[in-house]
Amino acid sequence: MSTLPPRAGRRCHNAINPLHSTVYFSPDLGKELAELGIDDSNAAYFASRGAALGAVGPGTVTATFYNFNHELVARHLPAVWSVASPQAVLDARLRAVDTTLRRLLGPEIIDSPELAEAAGLALRAAEACTRHARPLYAAHADLPVPEQPHLAYWHAGTLLREHRGDGHLAALVAAGLDPVEALVSHTATGKGMSPRWVLATRGWRRTDWEEAAERLRGRGLLDGEGELTEAGVALRAELEDTTDRMDLAPYEHLGAEGVERLTELARGFLITAASAGAFPADLVGKG
């Protein structure tokens, strides 16, 4: 039985994770990796998020990232490691994080005691994350914690993001949702990436999207208009509840008061970053 209010961990994750993800939308990451010789946006993403795993091939990234077309991944891996080593990519990513957060949050927040406090709380929560069957989390947990508070906060956000994400993929597999079905059903909630963004970044074709939607309709999860049915809404809710249960440990470890404070701080940082243009305007939606 949890000692936390219902969905407290999820709310905290939803406040921390978007700020963490800003680097993957940032021109600063592309600039840093281009200086290493990686100038394709897909190669940059696979390399920068996957570098903690080492110089892995496409199979490992397809497995751990889940919702990308393997053909797209194989187009760039392992070739990207002949251009730059995983350590060089990790160093470039951290430089991009530094530049991005300084630009989005401004010096007042970067140097604030609140950001240092948030870093300490997030790192304390991450102490209770577990490595078993969580490959992306485990790989990042082996990396050193940066000294500067804003970078330490981002690093802790990485650990919490990948810990929850690894668990969520297990829930998707258990629910029988393949990568494209997971994307289609998430978009249908109104909270997922828009189809345009999915198709532009995940390597799937419009026919893949339509075929996945048809499979979901066959299971009674999607209606003829592309909206979730009652059963579809229930399945997506159960997926999040299952993920919450598998991701409870870090937030229980932090405690109710710490989770509430971390959520409050994280939301403030996120609002500031979003106001500074951290995310594409059309990133989320059904259209």
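Does Tyr 45, at 15% relative accessibility, count as buried or exposed? In this predicted model, Tyr 45 counts as buried, because 15% falls under the 20% limit. Phe 46 is likewise buried, with a relative accessible area of 1%.

The structure holds 10 aromatic pairs. In one of them, the ring centres of Tyr 45 and Phe 46 are 6.2 Å apart and the planes meet at 65 degrees, so the pair is edge-to-face. Phe 46 also pairs edge-to-face with Phe 68, at 5.2 Å centre to centre and 80 degrees between the planes. Phe 46 belongs to helix H3 (residues 41–50), whereas Phe 68 lies in the loop between helix H4 (58–65) and helix H5 (70–76); the pair therefore ties together parts 22 residues apart in sequence. Both Phe 46 and Phe 68 are buried. Ring pairs join Tyr 24, Tyr 45, Phe 46, Phe 65 and Phe 68 into a cluster. Over the ring of Phe 65 sits the charged end of Arg 49, 4.6 Å from the ring centre.

Phe 46 is also among the residues with the most contacts inside the largest nonpolar core, together with Ile 38, Tyr 153, Leu 262 and Phe 269. This core has 65 residues, and helix H6 (residues 86–110) gives the most to it, with 10 residues. Another core, of 23 residues, lies apart from it and includes Leu 172, Ala 175, Trp 209 and Leu 221.

Helix H9 (residues 149–174) has 26 residues and should span 38 Å at 1.5 Å a residue; its end C-alpha atoms are 38 Å apart, which agrees. Of the 26 residues of H9, 21 are buried. Just after H9, Gly 176 adopts a positive phi of about 75 degrees.

Key: Residues numbered from 1 in each chain as written. Predicted model: local features only at pLDDT ≥ 70, side-chain atom pairs only at ≥ 80, totals over all residues. Heavy atoms only, no water. Helix = DSSP H or I, 4+ residues; strand = E, 2+ residues; numbered from the N terminus. Expected span 1.5 Å × (residues − 1). Buried < 20%, exposed > 50% of the residue type's maximum accessible area, 1.4 Å probe, protein only. Core = buried A, V, L, I, M, F, W, Y, C linked by side-chain atoms within 4.5 Å. Phe/Tyr/Trp six-rings, centres within 6.5 Å; stacked < 30°, edge-to-face > 60°. Lys NZ or Arg CZ within 6 Å of the ring centre and 35° of its normal.
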